[in-house]
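Subject: Structure handover

Hello,

Here is the structure I promised to pass on. Please have a look at it first; my notes follow below.

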Amino acid sequence: MKETDREAVATAVQRVAGMLQRPDQLDKVEQYRRREARKKASVEARLKAAIQSQLDGVRTGLSQLHNALNDVKDIQQSLADVSKDWRQSINTIESLKDVKDAVVQHSQLAAAVENLKNIFSVPEIVRETQDLIEQGALLQAHRKLMDLECSRDGLMYEQYRMDSGNTRDMTLIHGYFGSTQGLSDELAKQLWMVLQRSLVTVRRDPTLLVSVVRIIEREEKIDRRILDRKKQTGFVPPGRPKNWKEKMFTILERTVTTRIEGTQADTRESDKMWLVRHLEIIRKYVLDDLIVAKNLMVQCFPPHYEIFKNLLNMYHQALSTRMQDLASEDLEANEIVSLLTWVLNTYTRYKDEAQLYKEEHLRNRQHPHCYVQYMIAIINNCQTFKESIVSLKRKYLKNEVEEGVSPSQPSMDGILDAIAKEGCSGLLEEVFLDLEQHLNELMTKKWLLGSNAVDIICVTVEDYFNDFAKIKKPYKKRMTAEAHRRVVVEYLRAVMQKRISFRSPEERKEGAEKMVREAEQLRFLFRKLASVSVAQGFGEDVDGYCDTIVAVAEVIKLTDPSLLYLEVSTLVSKYPDIRDDHIGALLAVRGDASRDMKQTIMETLEQGPAQASPSYVPLFKDIVVPSLNVAKLLK
């Protein structure tokens with residue numbers, strides 16, 4: 001306290017010294033004294049208020065603590081009273097055991113009284129249900145069967161709930177309702193008979209099929225409800241779950257299998273064409289059945305049953321099994337060819353799945369994995385099958401009639417060839433999807449200033465064709481030639497799209513020389529790829545396509561405009577499929593041909609179109625000049 005006083009005095013001395021630094025400030029001493037007095041009074045007032053507030057809070061807290069103490073004492077007393085009462089009531093609870101037993105007995109009697117009418121009428125309901133089943137009134141029969149099962153299950157559940165260990169009463173109830181399970185089985189037989197004839201029933205009496213489906217749906221709902229209750233109580237009535245929906249699909253699958261297997265009417269001994277007839281009957285039955293399923297049966301089943309999709313899968317499995325069974329038999333050579341021909345002509349193996357596989361990949365090129373490798377396998381499989389089939393046909397068949405195929409139908413090896421070509425087309429499409437960005441750079445300002453688009457194109461193509469090296473001949477040769485043709489066509493398309501217009505002879509010379517260099521790059525690439533084909537025994541001349549780029553470059557490079565007509569005439573004579581809009585676009589790319597010169601060239605060329613040689617492969621016919629017509633190009 002003394003230390004605090006000393007600090008206060010020191011602080012006051014400093015303040016007074018600060019106020020009285022000049023003689024004239026002595027006149028204001030009284031003023032200073034009053035001001036400090038006011039400050040002191042203000043501080044004291046605030047301090048008193050703060051202390052009073054703290055005192056009020058403490059007073060309130062003490063009051064609440066006192067009340068809480070009283071409440072705790074009251075609760076303690078109440079707990080003691082409850083404990084005392086509980087100890088005294090134990091004997092009373094034990095004395096109420098007889099009352100508890102009476103309550104249980106009363107509940108059982110109440111349940112028995114509630115079901116008394118049904119219990120007494122069980123034999124009558126059983127007879128009525130049996131009559132309804134025999135009359136084919138399946139919905140009414142099922143309604144009465146549900147009533148019987150409901151009464152039985154209700155009594156058994158009450159017994160289980162009251163005394164789950166009392167097996168004697170459970171057995172008594174089950175025995176009394178013993179006919180119920182037999183009725184359920186009899187009704188199920190009727191349902192399965194309708195389903196076995198469903199393809200006929202849906203045309204003659206679709207209402208009957210709808211009734212069967214409604215009954216199955218009812219049973220499925222009851223199964224779900226009972227299984228949900230089992231999770232809570234553990235009780236499951238006898239015969240549940242019935243799983244009639246699952247059994248329905250099993251019956252349909254068995255019916256489809258029997259229908260496919262039962263179409264063989266002849267044997268080799270009775271008819272030389274037995275297999276052809278058998279396969280034709282299968283084809284007709286499957287087609288007719290699926291048409292009925294798609295147009296009629298789908299209207300009789302709930303959408304979530306997906307009945308057509310499931311039937312389609314069943315027929316697929318049944319056909320697959322039947323074809324495997326036939327293939328495992330000791331077939332003669334002409335019968336083997338007939339079987340394979342039927343599969344390819346009727347059950348399109350494969351071709352549809354290969355197409356779907358390609359379309360799935362094009363939607364997302366990251367999936368499926370190993371797409372290129374699988375497409376190569378498809379192509380090679382087709383070639384292997386084709387070679388085997390051709391060999392068998394040469395060895396055993398004299399004409400197409402023995403093959404069991406009408407002349408109007410495509411040959412089996414032709415179908416395989418079409419599938420393989422489609423696979424090759426899919427692989428080339430994959431290549432050109434990767435090249436698209438770089439092909440779009442050709443004949444642009446960026447290209448003229450030093451783009452390396454052709455370098456990337458060559459590397460990409462070579463990389464893909466390293467993977468394609470495993471493709472069997474002749475498809476590797478065809479793919480090499482087609483890739484070469486398409487790259488050149490895309491290059492020419494870039495020229496005809498007028499992405500650039502040269503402004504001076506120097507630009508034309510630079511651009512033309514770049515085109516020639518890139519044509520040589522492409523020529524070298526495809527010669528290299530073709531040399532692999534030559535080593536495998538199926539090479540061909542690949543220079544012709546790249547010569548087209550060089551010929552177009554010569555027209556662009558020409559320095560003397562007066563010779564332009566002659567150069568263009570030479571180009572047209574070499575490539576007869578080149579059109580006037582192509583010439584107009586090419587002259588526009590040159591950028592220096594006058595309107596009169598363009599008009600003269602176009603009119604002269606129209607007078608005498610060149611004739612194509614039989615060996616000429618068109619390059620320009622598929623190249624469209626977008627948004628450029630001749631009238632515009634001549635301006």
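The largest nonpolar core has 86 residues. Phe-468, Met-515 and Phe-620 have the most contacts inside it. Helix α18 (residues 412-439) supplies the largest share of this core, 12 residues. A nonpolar core here is a set of buried Ala, Val, Leu, Ile, Met, Phe, Trp, Tyr and Cys residues joined through side-chain atoms within 4.5 Å. Buried means under 20% relative accessible area, exposed over 50%, and partly exposed in between (1.4 Å probe, protein chains only). Helices are DSSP runs (H or I, at least four residues), numbered from the N terminus.

A word on the source. This is a predicted model, where local features need pLDDT of at least 70 and side-chain atom pairs count only at pLDDT 80 or more, while totals for chains, interfaces and linings use all residues. Residues are numbered from 1 along each chain as its sequence is written, and side-chain values use heavy atoms, with hydrogens and water left out.

Leaving aside neighbours within four places in sequence, Phe-468 is in contact (heavy atoms within 4.5 Å) with Val-372, Ile-376, Leu-427, Val-431, Lys-476 and Met-479. Another core lies apart from the largest one. That other core has 64 residues, among them Ile-215, Val-292, Phe-301 and Leu-339.

Next, the helix pairs. The axes of α18 and helix α21 (residues 475-496) come within 10 Å and cross at roughly 35°. Axes are lines fitted to C-alpha atoms, for helices over the stretch in contact, and angles run from 0 to 180 degrees between N-to-C directions. Leu-427 of α18 and Met-479 of α21 are among the residues that make this contact.

Helices α10 (residues 206-233) and α11 (residues 244-261) pack at about 140°, with axes 8 Å apart. Ile-215, Ile-216, Glu-219 and Glu-220 of α10 meet Trp-244, Lys-245 and Met-248 of α11.

Asp-223 is found in α10. It counts as buried, at 4% relative accessibility. Beyond its neighbours within four places in sequence, Asp-223 is in contact with Arg-240, Pro-241, Lys-242 and Asn-243.

Leu-138 lies in helix α6 (residues 138-162). It is buried too, with a relative accessible area of 5%. Not counting residues up to four places away in sequence, Leu-138 touches Leu-187, Gln-190, Leu-191, Val-194, Leu-208, Val-212 and Ile-215.

Best wishes

Technical notes. Helix = DSSP H or I, 4+ residues; strand = E, 2+ residues; numbered from the N terminus.
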